[in-house]
Amino acid sequence: MTTERVGLEDLKVAVKKAASVDKETTTVSESSAEVRTPKIDAQGRSYATGKRKNAIARVWIKPGMGKILVNGKTFEHYFARPVLQMIINQPFKAANRITQYDVWCTVVGGGLSGQAGAVRHGISKALTFFEPDLRPALKQGGFLTRDSRIVERKKYGQAKARRRFQFSKR
């Protein structure tokens, strides 16, 4: 067995080579992380799923005149309250894309407020799939974050999730 003696200069050269290889790999990975490609199907649409409380919305967007259909109805008829209509239009206003996309979605579960939140989440995700450059604006507005608050479950020995049965001293 022969043992080679490695001097301090040899170690310095080896460390410099390893550092240069690390720099090259990090620049390659950073440049590939920045490039996002649109996810568009054969019909020219982008699809995303939005969720809020118990509501689940399946959303398809494509370029158009700004028509929004929810379960086969216009969103003004489905969501009659102006607050819910405002919630659905928020991602388009944040991205400055009002009346540039047609939206078709199906929503199941939950109530109207949860369904409006689910549609907003789905529209935001579908917009980022269609135009990846819109992601920072929508992320800053908080539209891409799933609101995970749901109803707390009922516990045994209690009337509701936190409400106890009435206590009687005598």
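1. In strand S5, the bridge partner of Ile68 is Val103, and that of Val70 is Cys105. S3 and S5 run parallel and are joined by 3 bridges. Two strands are taken to pair if DSSP finds at least two bridges between them. Helices (H or I, at least four residues) and strands (E, at least two) are DSSP runs, numbered from the N terminus.

2. The model is predicted: local features need pLDDT of at least 70 and side-chain atom pairs count only at pLDDT 80 or more, while totals for chains, interfaces and linings use all residues. Residues are numbered from 1 along each chain as its sequence is written, and side-chain values use heavy atoms, with hydrogens and water left out.

3. The sheet is open, has 5 strands in the order S1-S2-S5-S3-S4, and shows mixed pairing. Strand S1 (46-52) and strand S4 (73-74) stand at the edges with a single partner strand each, so one side of each has no neighbour in the sheet.

4. S2 and S5 run antiparallel and are joined by 8 bridges; here Lys62 stands opposite Asp102 in S5. S5 is mostly covered, with 6 of its 8 residues buried. Buried means under 20% relative accessible area, exposed over 50%, and partly exposed in between (1.4 Å probe, protein chains only).

5. S1 and S2 also run antiparallel, joined by 7 bridges, and the bridge partner of Ala48 in S2 is Val59. Their hairpin has 2 residues between the strands, and Lys53 takes a positive phi near 50° there. In a regular strand the side chains alternate between the two faces of the sheet. The covered face of S1 holds Ser46, Ala48, Gly50 and Arg52, and the uncovered face holds Tyr47, Thr49 and Lys51.

6. Helix H4 lies across S1, strand S2 (55-63) and S5, running at about 145° to S1. Axes are lines fitted to C-alpha atoms, for helices over the stretch in contact, and angles run from 0 to 180 degrees between N-to-C directions. His121 lies in H4 and is buried, with a relative accessible area of 8%. Not counting residues up to four places away in sequence, His121 touches Thr49, Gly50, Lys51, Phe143, Leu144, Thr145 and Arg146. Contact means heavy atoms within 4.5 Å.

7. Helix H3 (residues 82-94) has 13 residues, which at 1.5 Å a residue should span 18 Å; its end C-alpha atoms are 18 Å apart, in agreement. The expected span is 1.5 Å times one less than the number of residues. H3 bends by about 35° at Ile88, with Pro91 following within four residues. The bend is the angle between axes fitted to the seven residues ending at a residue and the seven starting there. Just after H3, Asn96 takes a positive phi of about 55°.

8. The buried residues of H3 are Leu84, Gln85, Ile87, Ile88, Pro91 and Phe92. They pack against strand S3 (68-70), helix H2 (75-78), strand S5 (101-108), helix H4 (112-130) and helix H5 (135-141).

9. H3 and H4 pack at an angle of about 10°, with their axes 8 Å apart, and are therefore roughly parallel to each other. Angles under 35 degrees count as roughly parallel, over 145 as roughly antiparallel, 65 to 115 as roughly perpendicular and the rest as oblique. The H3 residues that meet H4 include Leu84, Ile87 and Gln90, and the H4 residues that meet H3 include Leu112, Ala116 and Ile123.
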